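Please walk me through how to read the features of this model, one at a time.

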Amino acid sequence: MKTTILFLSITLLAGCSMRDTVNIEEITTTQAYDLSDKDRDGVIEARERCNDTAQGASTDNYGCGRIKAINERMEINILFPNDSAYIAPEYYPQIEDIATFLRQYPTTKVTIEGHTSRTGTDERNAVLSQERADAVTAALADRFSIDRSRLTAIGYGSSRPMILEQTPEAEMRNRRVVAEVTGDDTTTDMKWTVYSVDDNPK
């Protein structure tokens, strides 16, 4: 009996010592999703649908630009002399700011609105406000090389005063020009995480 037990023990020990061993370095795994970001737009390749996104561009969840409308009104603080459309050199930096914005967003257009004070006749104010709007669009086109097809000038005369008081200070502020910019812009929607993937990657 003792011999049988001894024999069984030796057999079991021999069986244990002959178990196969596996080298962990030989194990390979396959990544289910491509987590790289080749165009560096913040969207992994498993989600990417727009591979030509410029670096630093705003993107949606799939690496494509999201479009929203621009509709900005920017008042240009140009103080015109009474009964004049002359733009003093000190005001050109404000016009240059609009030109810079238009260059940054090449799909945009701008409407320049000219306004006057309520002194003088309605007929003269209508002509004068148009001259002021034309002067600004001419500066954008001639001095800052903005295509004239993107520029519109409208004179409103004294029909849209910014300040209703009829004091010299109020009328000076009513002699103004407003730029209304419209067009397309891109924005970012960050309602996702970098490592999130769809159920069926492309």
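The dialogue below goes from the overall layout to single side-chain pairs.

Q: What kind of model is this, and how are residues numbered?
A: This is a predicted model, in which local features need pLDDT of at least 70 and side-chain atom pairs count only at pLDDT 80 or more, while totals for chains, interfaces and linings use all residues. Residues are numbered from 1 along each chain as its sequence is written, and side-chain values use heavy atoms, with hydrogens and water left out.

Q: How many helices and strands does the protein chain have, and in what order do the elements run?
A: Helices (H or I, at least four residues) and strands (E, at least two) are DSSP runs, numbered from the N terminus. Here the protein chain has 4 helices and 4 strands. Read from the N terminus, the order is α-β-α-β-α-β-α-β.

Q: How do I read burial and surface for the protein chain?
A: Buried means under 20% relative accessible area, exposed over 50%, and partly exposed in between (1.4 Å probe, protein chains only). Of the 202 residues in the protein chain, 33% count as buried. Accessible areas come from the Shrake-Rupley method with a 1.4 Å probe, and for residues only the protein chains shown count as cover. The protein chain exposes about 13300 Å², of which carbon and sulfur atoms supply 52%.

Q: What share of the contacts joins residues 24 or more positions apart?
A: A contact means heavy atoms within 4.5 Å. Among contacts in the protein chain with a separation of 6 or more, residues 24 or more positions apart account for 67%.

Q: How do I check the span of a helix, taking α2 as the case?
A: The expected span is 1.5 Å times one less than the number of residues. Helix α2 (residues 92-104) has 13 residues and reaches 18 Å from its first C-alpha to its last, close to the expected 18 Å. Its buried residues are Y92, I95, I98, A99, F101 and L102.

Q: How many aromatic pairs does a search of the whole structure find?
A: Rings of Phe, Tyr and Trp (its six-membered ring) pair if their centres lie within 6.5 Å; planes under 30 degrees apart count as stacked, over 60 as edge-to-face and the rest as tilted. The search finds 1 aromatic pair. F101 and Y105 form this tilted pair, at 5.0 Å centre to centre with 50° between the planes. F101 counts as buried because its relative accessibility is 15%.

Q: Which arginines lie over the face of a tyrosine?
A: A charge sits over a ring if NZ of Lys or CZ of Arg is within 6 Å of the ring centre and within 35 degrees of the ring normal. R143 lies over the face of Y92, 3.9 Å from the ring centre. R160 lies over the face of Y156, at 3.8 Å from the ring centre.

Q: How do I read the salt bridges?
A: Side chains of opposite charge can pair when their charged atoms come close. The test is a side-chain nitrogen of Lys or Arg within 4 Å of a carboxyl oxygen of Asp or Glu. The whole structure has 4 salt bridges. One of them joins R124 and D83 (2.8 Å, N to O). That pair links distant parts of the chain, with R124 in helix α3 (residues 122-143) and D83 in the loop between β1 (66-76) and α2, 41 residues apart.

Q: Which residues are linked with R124 in a network of salt bridges?
A: D83, R124 and E131 are linked in such a network. The closest N and O atoms of R124 and E131 are 3.9 Å apart. R124 is partly exposed, at 31% relative accessible area, as is D83 at 44%.
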